Amino acid sequence: MKRDISYVRIGWFIFGLVAGVFVAYHSTINIEALRIVATAFAILSGMLIAIMAVIGDPLSLSEGNARLASGLRRESGRKLQRFRALFYVYLVVIALAFYVSLNTNLPYIEYLNRFTLIIATAALIWSFSLPGWIYRVQMDKLDNEVEKRRSNDLAQYDDI
C-alpha cells in the first residue's frame with residue numbers, strides 16, 4: 001500500500017520550525033513567559049487528549065460492512081498517530097519550560113531557552129489544524145447520521 005506524500009503537512013512542519021527559529025532569535029525569555037508557555041501547552045495537551053478520544057471512539061464508525069469499518073479504522077489510526085506525536089511535542093515543551101524555569105544559572109541556559117521557544121512556536125503553529133480536524137470529525141458523524149436516517153426513510157416508503 002503506497003502512501004501519498006502530503007506536501008501541505010511538510011510545508012506546515014517546515015514553516016513551524018522556521019517561525020520558531022525566527023521567534024527564538026528575536027525575543028527574550030523570562031521565567032514568567034515560560035510559565036505562560038507551560039500553562040498554554042498543558043491546556044492544549046488536555047484538549048488534544050479529548051480530540052483523540054472523540055476520533056478513537058468506536059461508535060464513530062459508520063454502519064456498514066466489516067471492510068468499510070476496517071478502512072475507517074485505518075484512517076482513524078493514522079489521525080491518532082499524528083495527534084499522539086503532537087501530544088508528545090506538547091509534553092516536551094512543558095518539560096523543557098519546567099526544567100529551564102528551575103535551572104536559571106546553567107551556562108547553556110540561553111540556548112535551552114531558545115530551543116524551548118523554537119519547539120513551542122513550532123508546536124503552536126502545528127496545532128492550527130486541530131479545529132479543522134474537530135470540524136471534519138463532527139461533520140462526518142452528522143453526515144453518517146443523516147444518511148442513516150435517509151435510508152430508514154426510504155425503507156419506510158418502500159413498505160407502503
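1. Helices (H or I, at least four residues) and strands (E, at least two) are taken here as DSSP runs, numbered from the N terminus. On that basis, Ile10 is found in helix H1, residues 7-25. Residue numbers start from 1 along each chain as its sequence is written, and side-chain values use heavy atoms, with hydrogens and water left out. The model is a predicted one: local features need pLDDT of at least 70, side-chain atom pairs count only at pLDDT 80 or more, and totals for chains, interfaces and linings use all residues.

2. Overall make-up. The chain has five helices and zero strands, in the order α-α-α-α-α from the N terminus. Contact means heavy atoms within 4.5 Å. Among contacts between residues at least 6 apart in sequence, 83% join residues at least 24 apart.

3. Burial and surface. Buried means under 20% relative accessible area, exposed over 50%, and partly exposed in between (1.4 Å probe, protein chains only). Of the 160 residues of the chain, 27% count as buried. Accessible areas come from the Shrake-Rupley method with a 1.4 Å probe; for residues, only the protein chains shown count as cover. The chain exposes about 11300 Å², and carbon and sulfur atoms supply 64% of that area.

4. Helix H2. The expected span of a helix is 1.5 Å times one less than its number of residues. For the 25 residues of H2 (residues 31-55) this gives 36 Å, which agrees with end C-alpha atoms 36 Å apart. Buried residues of H2 include Leu34, Val37, Phe41, Leu48 and Ile55.

5. Salt bridges. A salt bridge is a side-chain nitrogen of Lys or Arg within 4 Å of a carboxyl oxygen of Asp or Glu. The structure holds two. One joins Arg114 to Glu110, with the closest N and O atoms 2.9 Å apart. These residues are four apart in helix H4 (residues 109-126), about one helical turn. Arg114 is buried at 18% relative accessible area, whereas Glu110 is partly exposed at 46%.

6. The other pair is Glu147 and Arg150, with the closest N and O atoms 3.3 Å apart. Both lie in helix H5 (residues 130-159), three residues apart. Glu147 is partly exposed at 44% relative accessibility, and Arg150 is partly exposed at 46%.

7. Nonpolar patch. Patches are made of residues with over 30% relative accessible area and no salt bridge; like charges are joined within 9 Å, and nonpolar side chains (Val, Leu, Ile, Met, Phe, Trp, Tyr) within 5 Å. Tyr7, Ile10, Phe13, Ile14, Leu17 and Val18 make a nonpolar surface patch of about 600 Å².
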